[in-house]
Amino acid sequence: MLDNILSILIFFPAVAGIFGFAVQKDSIRAYGVSVAFIEFALSLMLWFSFDSNVSGMQFIETLPLIPSFGINYILGVDGISLFIIILAAFFTLIGIASLTDTKDVKNMIITLLFLQMTMVGVFVALDAIVFYVFWELSLVPMLYIIGAWGGPLRIYASVKFFLYTFTGSLVMLVGMLFMAYFYYQATGTWSFAILDWYRLILPETFQLWLFVAFFFGFAIKVPMFPFHTWLPYAHGQAPTIGSVILAAILLKMGTYAFIRFSLPMFPDAAVFFMFPIAVLAIIMIVYTAMVAYAQEDVKQVVAYSSVSHMGVIILGTFALNVEGITGSIFLMIAHGVVSGALFLLVGVIYDRRHTKMMSEFGGLASVMPRFATIFGIMMMASVGLPLTINFVGEFLSLLGFYQQSHILTLLAGLAIIVGAIYMLAAYKKMFFGEVTNEKNRNLPDVNKRELIALVPLVIITVWLGIYPKPLLGPINNSVESVVQLMHDKSITDEAKSRIPNLIDGVKITRTSAQEAH
Amino acid sequence: MLEPVNVSLESLNLMTLAPMLIPIIGALLILVIDIIKGGLDKTLYVMISILFLLLDLGAIAETAGQFTAGGTIMGVFDVMLIDGLAILSQLIIVGASLLFIPLALTHKRFHEFSYPEFFALFLFMLGGFQFMVATDNLILIFVGLETASLALYTMIAMHNRDKSFEAAVKYFTMGALAAGFFSFGAMVFYALTGSVEINQIAAVLGGNGFADMGFVLVGVVFVLAALGFKLSLVPFHTWAPDVYEGSSASLAGFMSIVPKIAVFIVAMRMFEFLIHSGVVWLEIVLYIVVVVTMTMANIWALVQTDVKRMLAYSSISHAGFVMAAILIGTTQSNSALFLYWIVFSFTNLGAFSMLWISRQKHLPDHQSSDHSYNKFSGMIQTAPVAATIMGLFMLSLAGLPPFALFWGKLYMISSAVTGGYTVLALIMALNSAIAGYYYLKLIVYMFMREPVINKDGHVFVANATTPLRTIIGFAAVGTIFAFLAINPVLEFITALVFKSGY
């Protein structure tokens with residue numbers, strides 16, 4: 001069965017979604033939770049049968065699709081994608097379990113199951129076209145979720161979301177086609193297989209152009225400054241579940257794709273663009289943190305803080321060394337957990353008061369102590385407090401980039417500290433002091449269903465904050481092979497010196513250091 | 001004294017004529033049946049048409065077999081020319097017709113389908129198109145074009161709406177102008193080379209190294225303008241939206257596919273040698289026409305308030321997109337043209353058919369046109385299946401993977417990249433992004449707005465019968481599962497195109 005587990009992971013939710021049409025309306029929630037639970041269990045099974053000592057792709061499946069044009073259905077998973085898949089399964093489960101929207105709940109759950117198919121598909125595809133198919137297909141359910149269940153500006157927000165990402169990915173498609181053409185010129189056969197592309201060594205000018213083409217697709221998805229303008233609208237208008245999935249998983253597609261495509265395929269271009277992108281990332285961190293501080297809507301605070309932290313992920317990715325990339329992948333998971341949880345928490349308060357304005361709240365700590373506690377933990381994690389999950393990722397990302405530039409890392413580090421201010425300010429406004437608004441006096445605290453969704457997130461946040469090794473091991477392993485590949489493939493001296501060579505340097509000292517332990 | 005002409009039947013190779021003659025015989029049969037006994041039901045004529053189309057398909061398969069075995073077939077004093085392009089385009093023409101003709105089986109009694117002449121004209125028109133693609137003789141191309149066009153004008157006028165007469169007259173006058181341009185262009189080429197056969201023209205012009213460049217350009221301009229009219233390339237497109245609006249939705253869908261593939265074949269035969277001759281000027285003109293057609297049609301489509309007009313402009317844009325294949329002029333791009341047009345044919349015909357089944361015989365007062373966007377508001381609540389299928393066609397037209405048209409776009413853009421037209425590839429990609437907006441607009445209306453006009457889901461299937469549902473179901477299944485068929489189709493197309501020397 002494990003031979004086809006990746007296909008099962010992709011298509012099980014979609015098939016279940018189709019069957020879902022036949023389920024009665026009042027039972028659909030139980031059905032959705034069951035399906036998502038099975039999917040989550042399958043993803044855990046994937047983890048348990050995953051061999052952490054292997055750095056390459058595992059569970060590879062191949063099926064010819066359009067072989068004459070080099071398009072094949074190839075799936076595989078490595079340490080880089082493994083945990084994001086689990087995260088996707090986990091958040092779909094949590095999302096469906098915590099679903100409070102009562103309008104048209106059946107369509108919502110079926111849409112979520114389809115969305116899950118596309119998310120898993122993106123992270124396991126090893127053929128660029130299959131990747132592109134799922135990448136684009138994920139827009140449709142999200143369009144529907146924002147457009148049908150969102151706030152008053154939902155149509156504008158959903159169309160903007162769709163068109164922004166659609167445009168970016170079409171440019172990326174041209175890049176992919178050029179890449180395949182280049183492969184065709186080099187070898188005489190067409191191929192869109194990512195692992196085939198890894199073997200190509202491209203001249204630097206081609207690398208630069210292709211890097212830019214792919215960059216458009218990925219940067220809009222992340223979203224990097226200055227392509228981020230769709231995100232506040234999408235978050236602001238989306239229903240709680242939409243924001244949770246968007247922040248936890250969909251944004252990760254962009255950062256994941258950087259590591260899967262841009263770095264190993266265009267190492268010299270990655271070095272060439274390292275500092276410009278780092279500057280953009282720092283602008284992202286600082287600017288969005290400042291914008292977040294000015295928000296009056298708590299959901300927008302979380303949304304902008306989410307963009308801000310994506311900046312750290314980008315910074316870690318473009319450190320181009322094992323520490324940075326491992327950190328950024330870990331931070332993707334961490335950011336997923338933490339910002340997903342924060343959006344869920346905002347949803348909790350929105351369900352009760354139907355407003356997200358911070359001015360409406362105050363002194364909630366005395367009314368809803370459990371809620372305040374969970375919110376506090378998650379906020380601390382978001383700020384990057386040691387012993388929480390975010391700290392591990394941020395620390396490693398910055399540590400990685402420190403090897404490339406001390407000054408920029410210092411700036412980013414300071415920016416993160418400054419960025420913490422808005423979170424504390426928001427927390428202060430909402431939770432501390434006297435209860436200022438009479439309507440808040442009798443708000444019920446988090447109920448059982450919400451606890452079922454939130455408590456696992458708290459546990460993960462703390463557990464992985466204290467003991468991140470189960471994740472870091474497999475991630476590190478795969479990242480090392482990526483970095484080594486980048487070093488071997490790079491052609492310019494600049495790139496050779498920026499990207500560490502693990503074989504005759506760092507790796508040996510690392511293993512000897514481990515033995516010394 | 002004149003020499004007696006001795007022609008053996010074998011040298012005529014009449015088999016090359018069979019695919020065109022079959023629909024013409026069918027048309028005559030329908031007319032004869034009507035003379036002998038009038039007032040028969042349309043279902044008879046629909047079924048006769050389908051039978052003859054199937055026979056036609058058989059004849060094309062026969063020629064295809066001979067072509068793959070022995071290469072290009074010439075016949076009838078070397079006027080007819082059966083090569084891979086002819087076979088592929090005839091397959092598309094007949095295939096699209098097989099999807100179109102059952103749409104006449106509506107249960108509302110629309111005017112046009114009550115005439116047996118409609119079906120006779122339809123088959124005559126097919127014969128005309130088949131003549132166009134299966135020859136490289138400019139005169140026969142002209143005859144085929146005019147046969148088909150005259151039949152088409154009449155079919156449009158048979159639709160009993162005010163706008164359809166306007167549409168027919170508009171199409172006719174524009175078509176007459178195009179015919180004039182075409183004959184003038186052909187005349188110039190004849191004067192230059194002493195031949196009306198495209199391969200002869202190419203040989204003579206190539207032989208003298210394009211000595212009379214000025215005259216060649218004059219000829220090219222006139223032929224390009226004539227073909228531009230028929231392909232609705234900007235700036236010769238102005239008739240298209242009005243004519244599509246005036247025709248019945250199903251016929252509009254048909255017009256966006258079949259006449260164009262026929263003209264694409266002519267354009268491919270005509271421009272292929274000119275582009276490869278190194279005439280830079282022609283390449284620039286074609287480049288501009290392609291880019292402007294794609295972009296402007298997209299922009300106009302953005303502002304339409306009627307879905308049918310939006311689809312009309314989008315069809316223009318698709319034509320420009322495909323015209324790029326002729327500009328690029330490699331085997332891959334020419335194959336991409338066919339692949340694109342095959343997937344486009346059932347997706348677009350499906351989209352227009354969805355409009356067709358939602359056509360009401362009498363417009364309610366509050367509705368200004370047959371298919372305004374408002375009519376589709378909140379369709380997901382009143383007619384969920386129809387809304388889903390329509391949404392599917394829109395996503396496919398927008399080029400969203402994995403639906404049918406994505407693969408066409410993918411291969412087309414890839415051929416641009418491969419052919420060295422990277423900028424063009426980017427323009428094509430960005431145009432797809434612009435187009436995304438207006439397809440999305442309909443989806444937004446259907447899925448995200450509340451119903452404003454009709455709480456009654458019946459209007460969306462007002463015209464539906466089992467055959468119509470079957471056709472649409474077929475188109476929808478084809479749109480979703482196209483990726484399974486792309487590989488064999490692509491190999492088949494590429495083999496035929498390559499064997500024809502394009």
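A salt bridge is a side-chain nitrogen of Lys or Arg within 4 Å of a carboxyl oxygen of Asp or Glu.

Residues are numbered from 1 along each chain as its sequence is written, chains are lettered from A and ligands numbered from 1 in the order in which they are written, and side-chain values use heavy atoms, with hydrogens and water left out.

**Confidence**

The predictor assigns the complex an ipTM of 0.90 and a pTM of 0.92. Per-residue confidence is given as pLDDT (the predictor's confidence in each residue, from 0 to 100).

| Chain | Mean pLDDT | Residues at 70 or more |
|---|---|---|
| Chain A | 87 | 97% |
| Chain B | 87 | 96% |

Within chain A, helix α5 (residues 128-137) has the highest confidence, at 93, and helix α23 (residues 502-516) the lowest, at a mean of 50. Helices (H or I, at least four residues) and strands (E, at least two) are DSSP runs, numbered from the N terminus. Over residues 506-517 of chain A, pLDDT stays under 50. Where pLDDT is low, the predicted coordinates should not be read in detail.

**The interface**

Contact (heavy atoms within 4.5 Å) involves 36 residues from chain B and 32 residues from chain A. The buried area, meaning the accessible area (1.4 Å probe) that two parts lose on being put together, summed over both, is about 3,000 Å² between chain B and chain A, and carbon and sulfur atoms give 85% of it. B:Leu410, B:Leu440 and B:Met448 supply 19% of the area that chain B buries against chain A, more than any other three residues.

On the side of chain B that touches chain A, α17 (384-398), α18 (404-418), α19 (422-448) and α21 (482-499) of chain B each supply at least two residues. Of these, α19(B) gives the most, with 14 residues.

**Within chain A**

A:Arg352 and A:Glu450 form a salt bridge through their side chains (2.9 Å, N to O). A:Arg352 lies in helix α15 (residues 322-353) of chain A and A:Glu450 in helix α20 (residues 448-466) of chain A, so the pair ties together parts that are 98 residues apart in sequence.

Terms used. This is a predicted model: local features need pLDDT of at least 70, side-chain atom pairs count only at pLDDT 80 or more; totals for chains, interfaces and linings use all residues.
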